[in-house]
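Visitor: Please give me a close look at one part of this model. Pick a strand, and follow its partners and surroundings.

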Amino acid sequence: MDLLKVEFGLHEDLALKLNAASDRPRREVFFWLTWMRSSAWHRLAAPGLPPSRSPNVPAGITGLWVGCLLDQTHVLHWDHDTGWTRHPLPNPLPVPRFPGCP
């Protein structure tokens with residue numbers, strides 16, 4: 001869970017921005033991790049069971065998604081009601097197309 005503490009430390013404004021949307025029942029954060037955090041991802045998303053501990057999320061955040069660009073098999077989701085769950089990714093991942101871009 002140190003990974004998530006670091007990510008929230010790097011993005012301190014996330015909770016402030018989400019709390020500004022207090023009219024929304026779900027205020028969730030998504031972290032896409034790069035290769036620089038791949039070892040932490042492998043500890044968090046170890047094969048088999050999802051993490052056993054709940055993350056320490058800032059007040060106002062109701063859910064958390066975590067994925068790694070080097071692992072295109074699944075992402076992890078956490079919320080207060082269900083805890084950690086795994087969600088498979090489609091294979092291959094869809095790539096958005098933008099007009100005028102090859």
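Guide: Two residues are in contact when they have heavy atoms within 4.5 Å of each other. The model is predicted. The part to look at is strand β2, residues 63-68.

Start with the cover. Of the six residues in β2, five are buried, so the strand is mostly covered; the cut-off for buried is under 20% relative accessible area.

Now the partners. On one side, β2 runs parallel to β1, and six bridges join the two strands. One of the pairings sets W32 against G67 of β2. On the other pairing, β2 meets strand β3, residues 71-79, in the antiparallel sense, over five bridges. Here V66 has L76 of β3 as its bridge partner.

β1, α3 and β2 together make a β-α-β unit, and the unit is right-handed. Helix α3 covers residues 38-44, with S38 among them. At a relative accessible area of 17%, S38 is buried, because the limit is under 20%. Beyond four places in sequence, S38 touches C68 and L70. S38 and G67 are 29 residues apart along the chain, yet their C-alpha atoms are separated by 9.8 Å.

The largest nonpolar core has 20 residues, and L64, V66 and W84 have the most contacts inside it. The elements that give two or more residues to this core are α1, α2, β1, α3, β2 and β3. In soluble globular proteins, nonpolar side chains tend to be buried together.

The structure holds three aromatic pairs. The ring centres of F8 and F31 lie 5.2 Å apart and their planes meet at 80 degrees, so this pair is edge-to-face. The pair ties distant parts of the chain together: F8 sits in helix α1 and F31 in strand β1, 23 residues apart. Both F8 and F31 are buried.

Another pair is F30 with W32. Their centres are 5.1 Å apart and their planes are 40 degrees apart, which makes the pair tilted. F30 has 39% relative accessibility, so F30 is partly exposed. W32, at 42%, is partly exposed as well. F30, W32 and W65 form one aromatic cluster. In a regular strand the side chains alternate between the two faces of the sheet.

R27 sits in the loop between α2 (13-20) and β1 (28-33). Is R27 buried or exposed? R27 is buried, because its relative accessibility is 15%. Its side chain reaches the backbone oxygen of G60 at 2.9 Å. Aside from neighbours within four places in sequence, R27 contacts L18, N19, A21, S22, G60, I61, T62 and G63. G63 brings us back to β2, as residue 63 opens the strand's range.

Technical notes. Residues numbered from 1 in each chain as written. Predicted model: local features only at pLDDT ≥ 70, side-chain atom pairs only at ≥ 80, totals over all residues. Heavy atoms only, no water. Helix = DSSP H or I, 4+ residues; strand = E, 2+ residues; numbered from the N terminus. Buried < 20%, exposed > 50% of the residue type's maximum accessible area, 1.4 Å probe, protein only. Polar contact = N/O pair within 3.5 Å; in protein donor to acceptor, adjacent residues only side chain to side chain. Pairing = 2+ DSSP bridges. Right-handed = clockwise from strand over helix to strand, strands pointing away. Phe/Tyr/Trp six-rings, centres within 6.5 Å; stacked < 30°, edge-to-face > 60°. Core = buried A, V, L, I, M, F, W, Y, C linked by side-chain atoms within 4.5 Å.
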